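Grab a pencil and have a go at these exercises. Try each one on the structure before you read its solution.

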Amino acid sequence: MSDKLHTVPEISEMLDISRQTAYNWLRAGRFPNHITVGDGDMVLIPASDVETARKEEAAKLIQKLDRLGFQAVPA
């Protein structure tokens, strides 16, 4: 595995979500390639899983904005 691995606290900071939300997403299967270390106290999540979740959340936000009538402005 060549993916960088992240802890739940790192992910919560990267995605600007609470740690509880990150754990909820983990339990819901949003990080399918996670690795549990030792007796389960530490979970490592590959960067590719984090990026997928980030893209999914961005898509949801864009859909919400579209429904509210906001239009994207080209960069």
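Contact here means heavy atoms within 4.5 Å. Keep in mind that this is a predicted model.

**Exercise 1.** Work out how helix H1 and helix H2 cross, and which residues meet.

*Solution.* Two packed helices are described by the angle between their axes and the distance between the axes. Start with the distance: the axes of H1 (residues 8-15) and H2 (residues 19-28) come within 8 Å. Next, the angle: they cross at roughly 110°. Angles of 65 to 115 degrees count as roughly perpendicular, so H1 is roughly perpendicular to H2. Now for the residues. H1 brings Val 8, Pro 9, Ile 11, Ser 12 and Leu 15, which meet Arg 19, Ala 22, Tyr 23 and Trp 25 of H2. Sort the residues of this contact and you get seven nonpolar, one polar and one charged.

**Exercise 2.** Find the pairing partners of strand S3, and the sense in which they pair.

*Solution.* Take strand S1 (residues 5-7) to begin with: S1 and S3 pair in the antiparallel sense, with three bridges.

**Exercise 3.** Is S3 largely enclosed or largely open?

*Solution.* Buried means under 20% relative accessible area. Four of the five residues in S3 (residues 42-46) are buried, so S3 is largely enclosed by the rest of the structure.

Note on methods:
Residues numbered from 1 in each chain as written. Predicted model: local features only at pLDDT ≥ 70, side-chain atom pairs only at ≥ 80, totals over all residues. Heavy atoms only, no water. Axes fitted to C-alpha atoms, helices over the stretch in contact; angles between N-to-C directions. Helix = DSSP H or I, 4+ residues; strand = E, 2+ residues; numbered from the N terminus. Parallel < 35°, antiparallel > 145°, perpendicular 65-115°, else oblique. Nonpolar A, V, L, I, M, F, W, Y, C, P; charged D, E, K, R; others polar. Buried < 20%, exposed > 50% of the residue type's maximum accessible area, 1.4 Å probe, protein only. Pairing = 2+ DSSP bridges.
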